[in-house]
Amino acid sequence: MWRYAIPVAIFAVLFGFLFVGLNRDPSYVPSPLIGKHAPAFSLTTVEDPNKQVSPEDFHGKPFVLNVWGTWCAECRREHETLLEISRQGLAPIVGLNWKDERESAEQWLRQLGDPYAATAFDPEGRAGIDWGVYGAPETFLIDANGVIVYKHIAPLTMEVWNREFVPRIRAGGGRS
Amino acid sequence: MSVELGHFALILAFCLAVAQSVFGLVGAMPGKSYLQSGVRPAVAGQFVFVVLAFASLALAFQHNDFSVLYVASNSNSQLPAFYRFAAIWGAHEGSLLLWLLVLACWSIAVAAFTKNMPATFVSRVLGVLGLVSAGFALFILATSNPFARLLPAALDGRDLNPLLQDPALAIHPPMLYTGYVGFAVPFAFAVAALLEGKLDPVWARWVRPWTTVAWMFLTVGIALGSWWAYYELGWGGWWFWDPVENASFMPWLAGTALIHSLAVTEKRGLFKSWTLLLAIFAFSLSLVGTFLVRSGVLVSVHAFASDPSRGMFILAFLVICIGGSLSLYAWRAQRFGSTAGFAVVSRESFLLLNNVLLVAAASLILVGTLYPLFLDALHLGKISVGPPYFATVFMIPMLPLLFLLAVGMHAAWKRAKLESVKTKLLVMVGASIALAIIVPLVSYGSVSVLSVIGFTAGMWVLLSSLIEPVSRWRAGHKLSASVLGMSVAHLGLGVFVLGATVVKAYEIEKDLSLTPGQSVTLGNYEFKLNDTRNVVGPNYDAIEATVVVSRLGREVTVLHPQKRTYRVQTNPMTEAGIDPGWNRDVFVAMGEPLGQGAWSFRLQYKPLVRFIWIGAVIMALGGFIGVTDRRYRARVPRSADEAAREATVGA
Amino acid sequence: MRAYVAIMAAIMLLAQTVWAIDAAPAFSDPQLQARYEKLTHQLRCLVCQNETIADSNATLAADLRKQLREMIAAGKSDQDILNYMTDRYGDFVLYKPPFEARTVLLWSAPVLLVLAGVIAAFNVIMRRARLPMEESNDAMSDDELDESRRRTV
């Protein structure tokens with residue numbers, strides 16, 4: 001007799017999952033690089049094609065890597081926040097100019113202000129692929145040992161900075 | 001007529017749907033039968049007002065009323081008039097109104113054609129349909145109002161998505177909706193039977209034509225969607241196991257199982273509780289599909305813009321409809337047992353196995369589609385489940401089903417005596433295997449284990465389905481529509497399997513660049529790019545290439561693929577040049593310009609691809625033929641011989 | 001969150017008119033080309049609404065196809081390439097889910113469902129085979145069904 005209740009029981013389980021699923025974002029892709037060593041790259045800077053920049057340059061203290069492009073409207077929105085963060089001086093921000101053109105990027109930084117300690121120029125997106133970048137803006141937090149501890153997708157706001165980045169930086173850049 | 005009138009009409013339709021469900025369900029209770037006289041008028045009234053609401057939206061589109069937000073988002077003054085009509089169901093709000101309209105049409109058909117059934121029972125059926133209509137009307141009014149205004153009005157609209165600007169948009173959604181909304185009818189019949197607490201086999205005879213007609217439309221709707229994706233999207237695929245595609249395929253599988261289960265219930269009074277469960281299952285899958293497509297829980301190219309509040313509403317609706325009907329089933333289903341038996345080898349056994357495999361197939365598609373959601377909800381990370389998974393595991397229930405089908409078609413009720421067909425079947429399977437090896441070797445140059453198995457299965461089903469009609473015709477007996485319909489439907493399935501197997505195993509695809517004057521070969525075919533030129537369309541500008549296709553030196557056709565840029569939405573789109581043929585398609589799509597007049601192209605050779613859609617259409621035709629059988633028409637007397645003949649190997 | 005990804009995707013699609021069809025010529029070795037086609041049909045385009053990198057016209061998809069091409073030309077195996085992708089993007093990028101603890105249910109479900117169904121069916125068949133073959137107490141012949149339908153209330 002109880003076997004007739006099996007279908008409704010299965011539906012109840014299904015309902016549970018669908019209900020929880022409504023609050024999840026199916027297109028958000030978490031990074032598998034959290035806890036791994038930051039992928040190396042050696043790229044020219046946006047301003048000076050003869051200068052090189054690499055994550056190794058910032059080893060020893062926590063730093064932030066921000067992926068951006070002049071074609072990305074959301075990056076424009078977060079630029080103010082980045083300027084504010086660089087003024088605070090808690091951690092240097094390294095820019096990764098992704099899939100862009102050198103002149104446009106230079107002009108952008110000149111006109112809007114440069115929050116970056118250095119900006120790497122990645123026109124082909126190779127370094128981006130190594131870092132698992134799939135859109136802009138994306139912002140990574142790397143600890144003093146060169147390990148990626150956090151990744152934020154979408155424009156950075158002061159709220160997210162204070163909630164996610166600052167505590168981790170203060171804790172020595174270790175995983176909280 | 002301003003859209004406010006349409007909005008008001010929709011509100012009235014909602015009220016009438018509520019009235020319909022109250023009169024219908026309460027009116028079936030003892031002592032309240034006076035309410036039943038209000039049911040059919042409520043159905044008619046609801047229908048009229050839904051039509052009015054739909055018409056008001058249609059007029060807003062035709063008159064380019066961009067003060068209506070929905071029109072401004074999905075239309076444009078340059079949009080051809082034909083598409084301005086089809087654009088009504090181009091996005092979420094309007095497509096829901098179409099859903100409601102289709103349901104209203106089904107409801108009024110049920111009200112009209114059930115005059116011969118017990119009044120209380122029909123009252124319940126219409127009451128349940130009223131509940132479903134009321135739910136959808138409320139959903140539209142509360143969360144998805146197509147009549148919302150945009151003030152100040154836009155100067156011009158954002159245009160219909162170019163991918164939808166195609167004649168198929170006019171027929172694919174209406175067909176599809178007629179199909180899976182139509183499963184609400186057997187659902188309502190099942191709930192009514194559960195409420196009543198008894199089920200005569202005559203119930204099955206009532207329900208079967210409704211189910212078959214809905215199934216028919218769903219078959220055509222899915223086939224149209226597949227064909228449209230094939231020629232419109234430019235990459236030559238015909239099925240991607242996308243969540244939205246799966247959402248329409250699962251009800252189809254359940255509906256097929258339902259039709260077969262109804263046959264057993266009608267003939268022998270058996271499998272009653274299975275049939276009831278399948279009727280609930282089929283419509284439940286339609287509703288779950290609606291949820292998946294509109295709530296944002298899954299990512300899909302077809303998904304409508306999502307909104308969690310909409311998702312919550314549909315989920316609540318699911319709990320009421322599915323949870324409610326399944327709870328009713330849990331409570332009442334034990335009343336529907338029966339005591340008759342059948343042999344181990346009998347039509348009943350074959351049909352039971354058939355249904356089990358179909359339900360397993362629908363279930364595994366559901367599991368695969370929802371698995372990423374399960375893992376994410378349990379915080380176990382993100383995965384993707386796509387064609388490599390589905391294409392493989394779908395074979396697990398399907399291949400056995402095909403082979404069982406070829407034999408089971410000929411099993412008699414109660415105790416099958418397959419002696420008379422055993423030789424024919426063995427000869428046919430031998431012939432099928434032989435053809436499966438020879439034909440591909442000769443035509444395409446290679447064979448593989450999987451292609452041989454698939455080809456054999458398709459061929460065997462096709463040949464086997466011919467046995468019954470051919471032997472009856474040779475014996476000079478008349479063929480009932482029921483048996484003919486069954487044979488035709490199974491033949492269609494065989495044709496489909498042949499097409500799917502061959503195209504998957506032997507299609508050739510090449511991406512390469514061509515400069516004007518250059519030619520390349522693909523298999524036996526030669527493609528030469530003559531030139532490219534500019535073309536101006538009604539609401540797009542395009543570059544058109546002229547490609548000459550030859551086979552073994554002789555010119556076959558000239559194709560004109562285009563790369564279009566629609567002026568309003570500015571996304572580039574490719575219109576493939578296709579040379580159709582019963583035995584192969586030749587497919588050319590443009591990529592991007594490479595400078596100096598050179599372009600990248602995707603060239604494809606697709607053998608037997610048309611069999612996929614032809615097979616589906618034949619299946620639907622089989623369903624149609626079956627429905628015309630005289631047993632579903634009242635008051636047609638039959639001779640004793642016909643009745644006797646049908647009793648043996650009736651469908 | 002979803003809105004951002006959608007906006008990013010839309011911007012990327014509009015910003016560049018790269019198409020899914022590659023500008024580069026096919027591999028001259030048909031085996032390599034076959035591997036390339038198989039792999040591009042197995043990998044997911046992350047910024048698209050459910051498409052493979054073979055069929056997508058997003059810039060990220062074009063970049064990944066280029067990467068794939070170089071890795072095949074460099075002699076990397078299929079597994080190396082898939083590992084490369086999952087190391088950077090996670091299992092989400094694979095359309096064929098790997099067989100691991102959390103996907104055991106997924107991969108075993110088809111077989112389990114079919115087995116459970118077939119076993120249940122056989123139980124029913126065996127039970128029914130022992131019952132008498134006469135008609136069920138309320139089965140009706142075709143004529144009775146016709147009569148029943150004709151009866152108005």
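Analyst: A salt bridge here is a side-chain nitrogen of Lys or Arg within 4 Å of a carboxyl oxygen of Asp or Glu. Keep in mind that this is a predicted model.

User: OK. How many salt bridges does the rule find across the interface of domain 1 of chain C and domain 2 of chain C?
Analyst: The rule finds one salt bridge across that interface. C:Arg102 pairs with C:Asp91, and their closest N and O atoms are 2.8 Å apart.

User: Where are those two domains in chain C?
Analyst: The domain assignment puts domain 1 at 2–98 and domain 2 at 102–129.

User: How many residues are in contact between domain 1 and domain 2 of chain C?
Analyst: Four residues of domain 1 are in contact with four residues of domain 2. The area buried between these domains of chain C is about 300 Å², and carbon and sulfur atoms give 56% of that. On the domain 1 side, C:Asp91, C:Pro97 and C:Pro98 supply 86% of the area buried against domain 2, more than any other three residues. C:Asp91 is also the salt-bridge partner of C:Arg102.

User: And polar contacts, how many residue pairs between domain 1 and domain 2 of chain C?
Analyst: The count is three residue pairs in polar contact, with both residues at pLDDT 80 or more. By class, the side of domain 1 that touches domain 2 has two nonpolar, no polar and two charged residues.

User: Switching to chains. How many residues of chain A are in contact with chain B?
Analyst: 20 residues of chain A are in contact with 31 residues of chain B. The area buried between chain A and chain B is about 2,300 Å², with 81% of it from carbon and sulfur atoms.

User: Why give an area for an interface?
Analyst: The size of an interface is often given as the accessible area lost when the parts come together.

User: Which residues in chain A lose the most area to chain B?
Analyst: They are A:Tyr4, A:Leu18 and A:Leu22, which together account for 30% of what the chain A side buries.

User: What about salt bridges between chain A and chain B, how many?
Analyst: The count is one salt bridge. A:Arg24 forms it with B:Asp376, the closest N and O atoms being 2.7 Å apart. One residue pair is in polar contact between chain A and chain B, with both residues at pLDDT 80 or more. The side of chain A that touches chain B has 16 nonpolar, two polar and two charged residues.

User: New topic: how many disulfides over all chains?
Analyst: The structure holds two disulfides. In chain A, A:Cys72 and A:Cys75 form a disulfide with their sulfur atoms 2.2 Å apart. In chain C, a disulfide joins C:Cys45 to C:Cys48, S to S 2.0 Å.

User: Why is the one between A:Cys72 and A:Cys75 right-handed?
Analyst: The torsion about its S-S bond is about 90°, so the disulfide of A:Cys72 and A:Cys75 is right-handed. For C:Cys45 and C:Cys48 the torsion is about 60°, so that disulfide is right-handed.

User: Are A:Cys72 and A:Cys75 buried or exposed?
Analyst: A:Cys72 counts as buried because its relative accessibility is 3%, and A:Cys75 counts as buried at 2%. Both C:Cys45 and C:Cys48 are buried.

Key: Residues numbered from 1 in each chain as written. Chains lettered and ligands numbered in written order. Predicted model: local features only at pLDDT ≥ 70, side-chain atom pairs only at ≥ 80, totals over all residues. Heavy atoms only, no water. Disulfide = S-S within 2.5 Å. Buried < 20%, exposed > 50% of the residue type's maximum accessible area, 1.4 Å probe, protein only. Contact = heavy atoms within 4.5 Å. Buried area = accessible area lost by both parts, 1.4 Å probe. Polar contact = N/O pair within 3.5 Å; in protein donor to acceptor, adjacent residues only side chain to side chain. Nonpolar A, V, L, I, M, F, W, Y, C, P; charged D, E, K, R; others polar. Domains from an automatic or database assignment.
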